[in-house]
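The entries follow the order in which I checked them.

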Amino acid sequence: MVDMKVSLCGTELENPVIPASGTFGYGREFAELYDINILGTFSMKGTTREARYGNPLPRIADCPSGMLNSVGLQNPGVDAVISEELPNLEKIFRKKVMANVSGFSVEDYVYTCARFNECPQVGWLEVNISCPNVHGGGMSFGTDSEAAAEVVRAVKAVTDKPVIVKLTPNVTDIVRIAKACEAAGADGISLINTVLSMRIDLRSRRPVLANTTGGLSGPAVFPLALRMVYQVSEAVNIPVIGIGGISSAENVLEMMMAGASAVEIGAANLTDPFICKKIIENLPEVMEKYGVSSLRELTGGRKNG
């Protein structure tokens, strides 16, 4: 019998599998397909202070071994999430959920995190300073270590929940930014978000996406994500959540051997809505195959916050 339990910022999870923000909505559609309580937890759709329609269409494009998206943080705003989505979620999900927070100013992040701090259902705040698909916010904080630290310090002042900072891979030195977030008080790091990319339509000779560029996700980014998770986990003393191209139980073990305490699964949910369920079911067999009796014994599993 293998042990799939892990600890994330001091909270025990039944397993390390967490659907990533933006690929699982608020859980309702997936709850119609299977019992989502088998998940470790999940990260809700990215939430901003005010409602956002997002970027103009088209904002999704296919590409080899992955996809591009430029959704642009479409969401109903934090007040609607708290008044409508969380009560609905309580009916289908008995565990704490991760709230993913984005903003266009430090004040935006502070307001939204303070509002979520009032919600008992929210167990972690995943502060997204990494979105490449919005102008004037998101990634502009994640590409500068001082700006990233400023967001972390401001958010930590208004919440007593663990703050996990989501980092962008679109930087020269991700380790420096991760260490700045840790020094500012972050309780964990999640990485990576999507890789800034584009495609061109040969007939129109114009970019496929209305936003010109978008974020690349899927199997193509897995080796890049693995390298960055390894580098960051070696440099910080707080838990790291590995994200990027994970689509199998083998990928989960590889991420945890690289230093992750848990993993988030993104694009794979869009191609196979049962993928998280399948990975959780396959994990015990794969752990036994590679001689892993407990996930806590892996590098990331020992760094439990």
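Entry 1, ground rules. I am working from a predicted model, in which local features need pLDDT of at least 70 and side-chain atom pairs count only at pLDDT 80 or more, while totals for chains, interfaces and linings use all residues. Residues are numbered from 1 along each chain as its sequence is written, and side-chain values use heavy atoms, with hydrogens and water left out.

I looked up the packing of helix 3 (residues 106–117) with helix 5 (residues 145–156) and noted an angle of about 30° with the axes 9 Å apart; helices here are DSSP runs of H or I, at least four residues, numbered from the N terminus. The two are therefore roughly parallel (angles under 35 degrees). I noted that V106, Y109, V110 and C113 of helix 3 meet E150, V151, A154 and V155 of helix 5, contact being heavy atoms within 4.5 Å. By class I recorded 7 nonpolar, no polar and 1 charged residues in this contact.

In helix 6 (residues 174–183) I found I174, V175, I177, A178, A180 and C181 buried (under 20% relative accessible area, with a 1.4 Å probe and protein chains only). Just after helix 6, I noted a positive phi of about 115° at G185.

I placed M255 in helix 8 (residues 249–257), and its relative accessibility of 0% is why M255 counts as buried. The C-alpha atoms of M255 and F222 lie 9.2 Å apart, across 33 residues of chain.

Definitions and conventions:
Axes fitted to C-alpha atoms, helices over the stretch in contact; angles between N-to-C directions. Parallel < 35°, antiparallel > 145°, perpendicular 65-115°, else oblique. Nonpolar A, V, L, I, M, F, W, Y, C, P; charged D, E, K, R; others polar. Buried < 20%, exposed > 50% of the residue type's maximum accessible area, 1.4 Å probe, protein only.
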